[in-house]
Amino acid sequence: MGRKKIKIGVVGCGNIFKKHLQGILDNGDHFEIVGIANHSKEGGLQLPREWNVKTFYDQTEMFAELGTEMDLVIILVQSIYHYDIAKEALEAGYDVLIEKPIDSVVSRLEELDILASKLGRNAYAVLQCRYLPVVDSLKRILEGRLIGDIRCVDFAQVWQRPLGYLTEKQARLLFEYGVHYIDLLQILFGVPKVFFTKTFKHKLIKAPYEDTLRTIVEYDGGISGSITVTLAAEPQNLETKLSIIGSKGSLEVDFRENEIKGLFEDEKDEKEYNELIKNILEINSFKQLYENISLGRGITVKDSIPVIQFIQDIYAKEGK
Amino acid sequence: MGKIKVGIIGCGHILNRHLESIEYNSKKFELVALCDIDKGVLDKALEENKVVGFVDYKNMLKEMDGKMDMVTIATPNHLHHEMAIDSLNEGYDILIEKPIAFEASKVEEISDLAKKLDKKAYAVLQVRYNPAVQMMREVIKQKLLGDIRSVSFIQRWQRPIGYFKDWRGVIDQGGKSLYEYAIHYLDILQGMFGVPKVKGTYTSNHKHLDIPFEDTLYSVVEYKNGASGAIEVNVAVEPSNLECSIAVMGSQGFLKISGNALDVVERASFETEELQKKWEKIQSDAGDGITPNSYGTHVGSCPNHPKLYKEIAKGKGIKVSEAIPSIQFIQNVYGQEEN
């Protein structure tokens, strides 16, 4: 007999729901959506008929009506609501999967983690970029020390976003847009010491916070680093790149193109690198996200504390 | 008008660039004297150049009176200022390698003296002549990018161990990293966007651990219209130069020039077809591309010295006064240093 399917309640049916739905459909043997709470009941996409999904105007109504017919609540609303809804869902007896950023305050993530443990529930985070194949190859290249000791790590996310895109219902720039890549930085190099941060409004002048941020950091071992995140590029997204300079070579990771380019001092290292980048495939990271949750190996809220700490540290050094 | 008679002080690795330039502009210039404090180095240079040689530049200035018009100063950085002042006072025009001095006030002093004595004082800031740089300047001038939002400069170069073993590794003689190898590019930045306010500077050493200044520098700046900027200068890169680039984000598009030494256009994107067409016109009007100088163990900036001399012959050389902002820029960057 197969495992019992995990029954999902969805809170929020905005753009990101499509990706979650695909991840759920790709793991159709393990998941089934049973409820959707959205401010407009028409928000849902076409769902498989056999699911028999009930729709609600808000999560409180959904929790009350579906009770134990539901196992996992996925929270896809604007980020300022994540914490309250996650807490409510945990207290109602559900596991939760929360879109990024879970919250912009580390202590609130810790609260959710403690609450989940106390109630014997699972609290997962949507940090699916960790599953990108390019990340796995990069980890192996670094673990194999193919570029030697790391000297500098520079990340640039240069994106275009239309006017009116940033709202007060979202957390600040890095929490909302930089979090995935900053999460990868902390996985690869740890949470650094932040030297200084400068924020700017270049395009989204009416937004409640910056559209451009530049910060200088230093990772363990004295590795220098810079982070640039901007949404003020025109006429389209320009790059999402990580440059890593080592004592025996350099790497450039292009997250948009899903590729790693390397330059090496030693031929042997270059050969090994060529092997490691041979099988970087395009994957659906949401498929991976749900597969891991079904196996009980999802990325937890606790796992996402370091990246929120990292971002908090960056903003704490914001200068005029 | 007769040829401009040139004496060169300093017969180090940059000498050949100046000799080639005089040769290239041989209708306008003539080499008449060489000077180097090291007799061996001088003799070697004299073997290939049949001109008068001096080990003491002051003797050269005295003895060449009436036989020399311009002095090219290509010595270690800390000597530039004094030699420039002496040369002007002896009645010569001057051309000074970068950096003219480590303080803007000293550059100003040279400029003021030249004016007072009615002599010409030129600076070697020849990267201004790179075709890619000129294209970017034209794009900014014609406002094809709209309002400038952000300007990022990245210089990731490889410099071999031992590169700083001579005067370059002594602060009082070489200055620090920005004076020695970033000055051309900061000059380009200030030429297009002005001298920015520096918000913070971080420095570190990753490869050249025995030098008394950084091999890696990051700075966050803000230009006068509020455009944000970043400066990254790194000579701890392996295994070779990675890039030297300026990326400009505007309200109507994006332009990045890069290559080893701002020698190629990497990307140009504009919001409208009309802007794109104007860009294509700028490209077609630009000269051919050029390749940066190679010094065996490393690659440097682009070989525009012949153009520099050509412009001097036309009376359009880059004046020493024009070099003041780049020195001020560097002083500002180091003024905010923390590490």
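Buried residues make up 54% of the 339 residues in chain B. Here a residue is buried if 20 or more other C-beta atoms lie within 10 Å of its own, exposed if 12 or fewer, and partly exposed in between, with C-beta atoms placed from the backbone. This is a predicted model, in which local features need pLDDT of at least 70 and side-chain atom pairs count only at pLDDT 80 or more, while totals for chains, interfaces and linings use all residues. Residues are numbered from 1 along each chain as its sequence is written, and chains are lettered from A and ligands numbered from 1 in the order in which they are written.

Next, overall dimensions. The C-alpha trace of chain B spans about 60 × 50 × 40 Å along its principal axes. Its radius of gyration is 20 Å, which agrees with the value near 20 Å for a compact globule of 339 residues. That radius is taken over C-alpha atoms, and the globule rule is 2.2 Å times the number of residues to the power 0.38.

Now the secondary structure. Chain B has eleven helices and 14 strands; helices (H or I, at least four residues) and strands (E, at least two) are DSSP runs, numbered from the N terminus.

Eight of the strands in chain B form an open sheet with mixed pairing, in the order β13-β12-β11-β7-β10-β9-β8-β14. Two strands pair if DSSP finds at least two bridges between them.

A contact requires C-beta atoms, placed from the backbone, within 7 Å.

Last, the domains. Chain B is assigned domain 1 (4-123) and domain 2 (127-303 + 317-338), with bounds from an automatic or database domain assignment. Their C-alpha centres lie 27 Å apart. Each domain gives 21 residues to the contact. On the domain 1 side, α5(B) provides the largest share, six residues.

Key:
Contact = placed C-beta atoms within 7 Å.
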